[in-house]
Each structure stands twice: as structure tokens, then as C-alpha cells.
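This briefing sets out selected features of the structure shown below.

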Amino acid sequence: MTGLNIITVPAAVLKEKARPVDRVDDALRQQMDAMLETMYDAPGIGLAANQVNLLNRVIVMDLDYREDGKDKNPICMANPEIVWRSDEKSVMEEGCLSIPGQFAEIERPAQVRVTYLDYHGKEATLEGDGLLSHCIQHEIDHLNGVLFIDYLSKLKRDMFIRRVKKLTKGQDPL
Ligand code: NI
């Protein structure tokens, strides 16, 4: 499983809810590897299964990636679940590989704690703030069919989708 295609708006799969995985096995690890490769190639710092037309609850992230390929620090999560959110909020500019070239400031809880199954199928917990917190929430949103543009006005959302349609015109939608 290599060279996954990244789905862009307004594809229906991006609005669907992904299903929990039963376990993390070799097949799922292959999916995680392929998603990471696709994310690094894009390049991006996070990718959710919906974005590569797979509807299981898997996300991958790497906030440390540099173009020279050094300092890779991939995080793979299956069945991620936010179990705590801070009252404090944070505003950061977000973008999305499924909404190429479009960015907006999004407000989210500043800190979150997430439980998940890691690459080896082990139960794990991660707490993050700043970019990591935004990234975790953004990717888990994807698994619930929610995009960052859903936090914007309909006017702005429609404008972003129109721009992406123009940008991806004539390209294979899958
Ligand atoms: Ni995204």
C-alpha cells in the first residue's frame, strides 16, 4: 500500500464518520506506514484515514518533520479519543491537505489529553498543547467527518471549497 491519493473537498468521504479498528495488526501497520509516507510526500504534519479514502479511525502526525528527512518523529494513533480538554483556548492558523492552499485561524481548547492504540497496538496516552493540540483535534475531527472550514461562516467555507475545486479541476478526484 504505497502512494495513497489525498482526497480533496468537496468529496463525500470527508464528511463521513470513520469506524473504530478491532486491533492494530500488520495490515493496519501497513496502512499507517503508507499514510505517513503520503503525509511526508505532501508534505504535511497530519493525515487522517478519511483523507486517503479509508474509513477506519487511524491518524498519523509528525510535527518535527523537516525537508531534509532528519528528525522524523512519527505519531500513529488508532481509535484516538480525547478524554480531557482545557478550558483555556488557543487560536492558530490551520490548513489541511484536503483543502490545499487555504488557511484560517481556528480556536480550540489549548490543551487536550488523548488515549489511543499506538503502532504496536499498545494503549497509550498523550497530552499536548500548542500545535500538537491543534493537530490532534484537527485529525480526530476528520474521523468524525468534520473539517476546519466547518468552524467558519458558510460564506467563507463555500469560498474555500470553490477555490479548491478550481485548483483541482481536471485532476482525478481519487
Ligand atoms: Ni486536515
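Across the whole structure, which is a predicted model, a search finds 6 salt bridges. Three of the residues, Glu-94, Arg-108 and Asp-141, are linked in a salt-bridge network.

**Salt bridges**

- Asp-150 pairs with Lys-15 in a salt bridge, with 2.8 Å between the closest N and O atoms. Asp-150 belongs to the loop between H2 and helix H3 (154–167) and Lys-15 to the segment before H1, so the pair ties together parts that are 135 residues apart in sequence.
- Both partners of that pair are partly exposed: Asp-150 has a relative accessible area of 28%, and Lys-15 has a relative accessibility of 45%.
- Arg-108 forms a salt bridge with Asp-141, the closest N and O atoms lying 3.0 Å apart. This pair links distant parts of the chain, with Arg-108 in strand E5 (residues 104–109) and Asp-141 in helix H2, 33 residues apart.
- Arg-108 counts as buried at 3% relative accessibility, and Asp-141 likewise counts as buried at 13%.
- Lys-154 forms a salt bridge with Asp-158, with closest N and O atoms 2.6 Å apart. The two residues are separated by about one helical turn, because they are 4 residues apart in helix H3.
- Lys-154 is exposed, with a relative accessible area of 54%, whereas Asp-158 counts as partly exposed at 27%.

- Glu-139 lies in helix H2. Glu-139 is buried and has no salt bridge; Arg-108, the nearest side chain of opposite charge, is 8.3 Å away.
- Not counting residues up to four places away in sequence, Glu-139 touches Gly-46, Leu-47, Ala-48, Gln-51, Ile-59 and Met-61.

**Nickel site**

- The nickel ion has Cys-96 (SG), His-138 (NE2) and His-142 (NE2) as its protein donors, at 2.1 to 2.3 Å. The spacing of these donor residues in sequence is C-x41-H-x3-H.
- His-138 and His-142 are 4 residues apart in helix H2 and are therefore separated by about one helical turn. Both His-138 and His-142 are buried.

**Sheet and helix packing**

- Five strands form an open sheet in the order E1-E2-E3-E6-E7, with antiparallel pairing. Strand E1 (46–48) and strand E7 (123–129) stand at the edges, each with a single partner strand, so one side of each has no neighbour in the sheet. From one strand to the next, the twist averages 40 degrees.
- E1 is joined by 3 bridges to strand E2 (residues 58–61), and the two run antiparallel. Leu-47 stands opposite Val-60 in E2.
- Helix H1 (residues 26–41) lies across E1, E2 and strand E3 (75–85), at about 40 degrees to E2.
- Helix H2 (residues 130–143) lies across E1, E2, E3, strand E6 (111–117) and E7, at about 125 degrees to E7.

**Met-77 in strand E3**

- Met-77 is found in strand E3 and is buried, with a relative accessible area of 0%.
- Leaving aside neighbours within four places in sequence, Met-77 is in contact with Met-32, Arg-57, Val-58, Ile-59, Met-61, Val-114, Tyr-116, Leu-117 and Leu-126.
- Met-77 and Glu-94 are 17 residues apart in sequence, and their C-alpha atoms are 20 Å apart in space.

Notes. Residues numbered from 1 in each chain as written. Predicted model: local features only at pLDDT ≥ 70, side-chain atom pairs only at ≥ 80, totals over all residues. Heavy atoms only, no water. Pairing = 2+ DSSP bridges. Axes fitted to C-alpha atoms, helices over the stretch in contact; angles between N-to-C directions. Contact = heavy atoms within 4.5 Å. Buried < 20%, exposed > 50% of the residue type's maximum accessible area, 1.4 Å probe, protein only. Lys, Arg positive; Asp, Glu negative; His and termini not counted. Salt bridge = Lys/Arg side-chain N within 4 Å of Asp/Glu carboxyl O. Donors = N, O, S within 2.8 Å, 3.2 Å for Na, K, Ca; no water.
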